[in-house]
Amino acid sequence: MPIVAPSLLSADFTRLADEAKMLNTSEADWFHLDVMDGIFVPNLTFGMPIISQLRKLSTKTFDVHLMIVQPERYIEEFKKAGADILTVHYEASTHLHRTLHAIRQAGMKAGVALNPHTPVQLLEDVIEDIDLVCLMSVNPGFGGQKFIENTYKKVLKLVDMRNDSQTNFLIEIDGGVNQLNAAKLTDAGADVLVAGNFIFSSNNPIETIKSLKYCR
Ligand SMILES: O=C(CO)[C@@H](O)[C@H](O)COP(=O)(O)O
């Protein structure tokens, strides 16, 4: 069964505490928290203060996805705010090796996100330093976009790289995930499904989360 990580980007921010409580009672495994800076991506969201408030409301794994330039500036701060997994973008990290080590050193799992145009092979030389690869299946910045079909091929390539390197990082898919592609992604080798719009715009988010969890 996949790990299901609802993206709070699509939650009702006027009722964030209720949304967190709803996720707590659901079969969601993680909270996926999208931090955007308006520079790396053309949108702004939230940062440490919101995450640390949410931390008081849930014991689930906090999967924090930094869509910001120079993410190495805030590693300690996100740890303090309550991140369990900290994912930085390959495209935003000049010294990726150093950044991944700093994330693990701070006591978090280290993730790398790849934009749709970025080949997975670019991770070969840091493969042992990664706990999670987040494949963006939309161009990052907004919820509710259409899933990019080429993602399946990237999952298969990553699975090969994982087998060849005998490492065990998780493969996460982020963007446009829904009941139409969840099973195919999981069958291809995806471990974590991030979904925002599909969950939060549904009439019954708890059942929608279940439909992803039991998609196979
Ligand atoms: O990081 C992002 C978008 O940049 C994602 O986490 C989205 O929030 C996923 O939402 P949907 O595409 O499922 O609406």
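Start by selecting Asp34 and Asp174: the UniProt annotation "active site", from an unreviewed entry, covers these two residues. They span 141 residues in sequence, yet no two of their C-alpha atoms are more than 10.5 Å apart, so they gather at one spot. Bear in mind as you look that this is a predicted model.

Zoom in on Asp34 first. You'll find it in strand S2, which runs over residues 30-36. Is Asp34 buried or exposed? It counts as buried, because there are 25 C-beta neighbours inside 10 Å and 20 or more is enough for that label. Now show its contacts: leaving out residues up to four places away in sequence, Asp34 touches Ser7, Leu9, Thr45, His65 and Met67.

Hop over to Asp174, in strand S7, residues 170-174. This aspartate counts as buried too, with 26 C-beta neighbours inside 10 Å. Not counting residues up to four places away in sequence, Asp174 touches Cys134, Leu135, Met136, Ser137 and Val194.

His65 is buried, with 28 other C-beta atoms within 10 Å. Apart from neighbours within four places in sequence, its contacts are His32, Leu33, Asp34, Val35, Thr87, Ala113 and Cys134.

Now for the ligand. Which residues come nearest to it? Of the 22 residues around the ligand, the nearest are Ser7, Pro140, Gly143, Gly196 and Asn197. Colour strand S2 (30-36), strand S8 (192-195) and helix H7 (197-200), the elements that each give two or more residues to this shell. If you colour by class instead, the shell around the ligand shows eight nonpolar, twelve polar and two charged residues.

Then move to helix H4, residues 96-105, and select Leu96, Thr99, Leu100 and Ile103, which are buried. Look down the axis of H4: its buried residues fall within an arc of 100 degrees, so they line one face of the helix.

What do the buried residues of H4 pack against? Select helix H3 (75-81), strand S4 (85-89) and strand S5 (109-114) to see their partners. On the face of H4 turned away from its buried side, look for the exposed residues His97, Arg98 and Gln105. Just after H4, stop at Gly107, which takes a positive phi of about 95 degrees.

Finally, zoom out. The protein has eight helices and eight strands. Its radius of gyration is 16 Å, close to the 17 Å that the globule rule gives for 216 residues, so the protein is as compact as a globular protein of that length. Along the principal axes, its C-alpha atoms fill a box of roughly 45 × 35 × 30 Å. Buried residues make up 44% of the 216 residues. Among contacts between residues at least 6 apart in sequence, 65% join residues at least 24 apart.

Terms used:
Residues are numbered from 1 along each chain as its sequence is written. This is a predicted model: local features need pLDDT of at least 70, side-chain atom pairs count only at pLDDT 80 or more; totals for chains, interfaces and linings use all residues. A residue is near a molecule or strand if its C-beta atom, placed from the backbone, lies within 6 Å of it. Helices (H or I, at least four residues) and strands (E, at least two) are DSSP runs, numbered from the N terminus. Ala, Val, Leu, Ile, Met, Phe, Trp, Tyr, Cys and Pro count as nonpolar, Asp, Glu, Lys and Arg as charged, and the others, Gly among them, as polar. UniProt positions are given in the numbering used here, feature names are shortened, and annotations may be inferred rather than shown by experiment. A residue is buried if 20 or more other C-beta atoms lie within 10 Å of its own, exposed if 12 or fewer, and partly exposed in between; C-beta atoms are placed from the backbone. Two residues are in contact if their C-beta atoms, placed from the backbone, lie within 7 Å. The radius of gyration is taken over C-alpha atoms; the globule rule is 2.2 Å times the number of residues to the power 0.38. The arc is that of the directions from the helix axis to the C-beta atoms.
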